[in-house]
Amino acid sequence: MMIRYASYFIAALLPLLLFRWFAPASIGEIDFWLLWLLAMVLVSLPVVYAEIALAYRSVDAPLAGMQKLTREADASPIWRSFGWLAALVSIVIAALVISGASTGILAALTELNSAPAVPSFAVAAGLMVIAVLLSLLGVAPLPIGLGLMVIGLVLGVANGLPNINFAMTDISLSEWARAVALALVSVGAGTGLYWFGQNLVTKQGLTAVDANNYNAQKPAHKRVATDYRATKLVLPIWILQLLVGVVALFISGMALPPIGQLLYWTGVLFVVSYLLHYSTQQLAHKFGLLVSLVITLVLALALVVVIPTTWLVGILVIISSLTVLLLSIFAGWQMKISHLRKSLNFGNEALYNLWRIAIRLIVPLALLLALIGWVMQWLS
């Protein structure tokens, strides 16, 4: 049952985890939030549709699924790098969030006069080891993490919400860059997490079908997906992301009491374990579970100990943008039209054509403009 709702847990959790890294310094910039809403519609929504469509077409996880899809589309193996990059993005997100957790936990313990004489990077390394061990539990830590984070936030709300003064400011390319990053990274579009979540549901369905020996004469993917429409999956995920994003907007500047911080960051630790579980499962397709677990741990520790937090944000922006760009070009230009039409199963041909225009033209253009905006911001 928990597997079925993994994608919805992720959709609710990622905005809470990552809004603080990409929201503007002045949280009341109306124009920024309008750009974010525009990016959610023009960029995030088509990309989530693409992930779900490829998940159903491949009937496998992202890394293994891309191998099948590139062979099916007679496309270059270079497109398979999406699976590797998606796994790397999840590790970078884990490192960024754990870095913030170590700082937050030390700050809370300092307020309680219980802070250990340990540097922040050492705490981060310890938290990462715990998260990797928790990743062996699979999906199970997600509801625990969400519950602890919500309790921590409720304690913060009890102290009062921050006073936000909304105002229009000048629109710039760097503002668009932050809006696109927030729309993509904080909702997990292009990370392969929704693809992976849907694959878990599909595998569970196949196991149930095989166990009951029900309708065994039909191909597996047809038995599971006969009444499927992508919109039934995508729109609930996207709407949930939008609603939680609005909530995250109002609580971004909220100060949590020490106990609230400890509960919140402990919940974050459980959520990070699922991100590491996802990356480990992807790498296991090539290296086996034990070796993949070691690779994930070493890479995550290197990122959280050696790389400064501000650099992790930049690395995340670049890698996630490239990952989404690969996904959009592959889905829009390499996949056969008939295959994607069947996988999306829109009730209206016009909706499919709109999605195809978005994934082929609008998404790549928006990403390129966002990358230019980030470069301008970094250079300034």
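Predicted model: local features only at pLDDT ≥ 70, side-chain atom pairs only at ≥ 80, totals over all residues.
1. Helix α11 is followed by Gly288, a residue with a positive phi, near 90°. Helix α11 itself covers residues 258-287, 30 residues in total. From its first C-alpha to its last it reaches 42 Å, which is close to the 44 Å expected at 1.5 Å a residue. Of the 30 residues of α11, 21 are buried, so the helix is largely enclosed by the rest of the structure.

2. Two loop residues also have a positive phi. Most residues other than glycine have a negative phi. Asp74 is not a glycine, yet its phi is positive, at about 55°. Asp74 sits in the loop between α3 (62-72) and α4. With a relative accessible area of 71%, Asp74 is exposed, the cut-off for that class being over 50%.

3. Asn113 is the other case to look at. Its phi is near 55°, again a positive value in a residue other than glycine. Asn113 is placed in the loop between α4 and α5 (120-134). Its relative accessibility is 73%, so Asn113 counts as exposed.

4. Next come the helix pairs. Two packed helices are described by the angle between their axes and the distance between the axes. For helix α4 (residues 81-111) and helix α13 (residues 309-334), the axes come within 9 Å and cross at roughly 155°. That angle makes α4 roughly antiparallel to α13, since angles over 145 degrees are classed this way. The crossing of α4 and α13 is left-handed.

5. Which residues make the contact of α4 and α13? On the α4 side they are Ser81, Phe82, Leu85, Ala86, Leu88, Val89, Val92, Ile93, Ala95, Leu96 and Ser99. On the α13 side they are Thr309, Leu312, Val313, Ile315, Leu316, Ile319, Ser320, Thr323, Leu326 and Leu327. By class, the contact of α4 with α13 has 16 nonpolar and five polar residues, and no charged ones. As a point for reading such lists, an α-helix has 3.6 residues a turn, so residues three or four places apart point the same way.

6. Helix α2 (residues 30-58) packs with α7 at an angle of about 50°, the two axes being 8 Å apart. α2 and α7 are therefore oblique to each other. Their crossing is right-handed. From α2, the contact involves Asp31, Phe32, Trp33, Leu35, Trp36, Leu38, Ala39, Met40, Val43 and Ser44. From α7, Glu175, Trp176, Arg178, Ala179, Val180, Leu182, Ala183 and Leu184 take part. The classes in the contact of α2 with α7 are 14 nonpolar, one polar and three charged residues.

7. Helix α2 also packs with helix α15 (residues 349-379). Here the angle is about 125° and the axes are 9 Å apart. This pair, α2 and α15, is therefore oblique as well. The crossing of α2 and α15 is left-handed, whereas that of α2 and α7 is right-handed. In α2, Leu42, Val43, Pro46, Val47, Tyr49 and Ala50 meet Trp355, Ala358, Ile359, Ile362, Val363 and Ala366 of α15. The contact of α2 with α15 has twelve nonpolar residues, with no polar and no charged ones.

8. Leaving aside residues up to four places away in sequence, Leu45 touches Met40, Val234, Leu235 and Trp238. The C-alpha atoms of Leu45 and Leu184 are separated by 9.4 Å, although the two residues are 139 residues apart along the chain.

9. Leu161 is a loop residue, placed between α6 (141-158) and α7 (173-185). Leu161 is exposed, with a relative accessible area of 52%. Not counting residues up to four places away in sequence, Leu161 touches Phe250, Ile251 and Met254. Leu161 and Met254 are 93 residues apart along the chain, and their C-alpha atoms are separated by 6.1 Å.

Conventions
Residues numbered from 1 in each chain as written. Heavy atoms only, no water. Axes fitted to C-alpha atoms, helices over the stretch in contact; angles between N-to-C directions. Helix = DSSP H or I, 4+ residues; strand = E, 2+ residues; numbered from the N terminus. Parallel < 35°, antiparallel > 145°, perpendicular 65-115°, else oblique. Left-handed = near helix turned anticlockwise from the far one by under 90°. Contact = heavy atoms within 4.5 Å. Nonpolar A, V, L, I, M, F, W, Y, C, P; charged D, E, K, R; others polar. Expected span 1.5 Å × (residues − 1). Buried < 20%, exposed > 50% of the residue type's maximum accessible area, 1.4 Å probe, protein only.
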